[in-house]
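Keep the 3D view open as you read.

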Amino acid sequence: MIKLDDIDHRILRELTRDARQPNLSLADRVGLSPSACLRRVQALERAGVIKSYRAVLDPVSLGIGFVAYVTVGLGTHTKAAQEAFERAVARAAEVRECHNITGTVEYLLRVECADLPAFKHWHTEVLG
């Protein structure tokens with residue numbers, strides 16, 4: 001595990017806010033020279049602290065107006081049943097996240113649909 005100092009934390013905070021900002025801007029915001037800032041960012045990338053850079057998408061522009069978190073309990077508690085469920089969920093485009101959890105149910109799903117009728121259709125036809 002890499003030891004991070006205050007400057008590293010400031011760099012990470014700034015990159016989390018806007019990962020596309022130019023190095024010159026980032027350096028100014030964290031109080032470093034551009035070359036020192038670039039070296040630090042590259043060191044954080046090499047150490048695996050910064051794993052990747054991503055785009056944050058606008059759900060409305062993508063036609064997603066409804067998000068639901070759905071808990072799922074399986075009727076059969078076998079490895080084969082879990083694997084079959086996970087394969088089926090992986091094919092469902094509406095399921096954006098699937099978490100295997102502990103407690104009274106096995107899974108928590110994040111489901112994104114256009115609207116409530118689309119969710120009801122997914123819930124009945126795909127999940128059901």
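Helices here are DSSP runs of H or I with at least four residues, strands are runs of E with at least two, and both are numbered from the N terminus. You are looking at a predicted model, in which local features need pLDDT of at least 70 and side-chain atom pairs count only at pLDDT 80 or more, while totals for chains, interfaces and linings use all residues. Residues are numbered from 1 along each chain as its sequence is written, and side-chain values use heavy atoms, with hydrogens and water left out.

Is aspartate 8 buried or exposed? Aspartate 8 has a relative accessible area of 8%, so it counts as buried; the cut-offs are under 20% for buried, over 50% for exposed and partly exposed in between, with a 1.4 Å probe and protein chains only. Its side chain forms a polar contact of 3.1 Å with the side chain of arginine 40. A polar contact is a pair of N or O atoms within 3.5 Å; within protein, one must be able to donate a hydrogen and the other to accept it, and residues adjacent in sequence count only if both atoms are side-chain atoms. Setting aside residues up to four places away in sequence, aspartate 8 touches Lys3, Arg40 and Leu44, where contact means heavy atoms within 4.5 Å.

Glutamate 14 is also placed in helix α1. This residue is buried because its relative accessible area is 17%. Beyond its neighbours within four places in sequence, glutamate 14 is in contact with Gln21, Leu26, Arg29 and Val30.

Next comes alanine 27, found in helix α2, residues 23-30. With a relative accessible area of 1%, alanine 27 is buried. Apart from neighbours within four places in sequence, its contacts are Leu32, Ser33, Pro34 and Cys37. For a contrast in accessibility, turn to glutamate 86 in helix α4: at 37% relative accessible area, glutamate 86 is partly exposed.

Now for the cores. A nonpolar core is a set of buried Ala, Val, Leu, Ile, Met, Phe, Trp, Tyr and Cys residues joined through side-chain atoms within 4.5 Å. The largest one has 14 residues, and Val70, Leu109, Val111 and Trp122 have the most contacts inside it. Two or more residues each come from β1 (66-72), α4 (79-91), β3 and α5 (116-127), with β3 giving the largest share, 4 residues. Valine 111, leaving out neighbours within four places in sequence, is in contact with Phe66, Val67, Ala68, Val70, Glu94, Val95, Phe119 and Trp122. A second, separate core has 13 residues, among them Ile11, Val30, Ala36 and Ile50.

Finally, the pockets. On a 1 Å grid over the protein atoms alone, a pocket is an open set of points where a 1.4 Å probe fits, with protein on both sides within 12 Å along at least five of seven lines; lining residues have an atom within 4 Å of a point. The largest pocket has a volume of about 310 Å³. It is lined by 13 residues, and Leu15, Thr16, Asp18, Ala19 and Arg54 are the closest to its centre. The second largest pocket holds about 220 Å³ of space. Its lining includes Leu57, Pro59, Arg96 and Glu112, and the elements giving two or more residues to this lining are β2 (95-100) and β3 (107-113).

Notes: Points joined across faces, edges and corners; volume = space filled by probe spheres on them.
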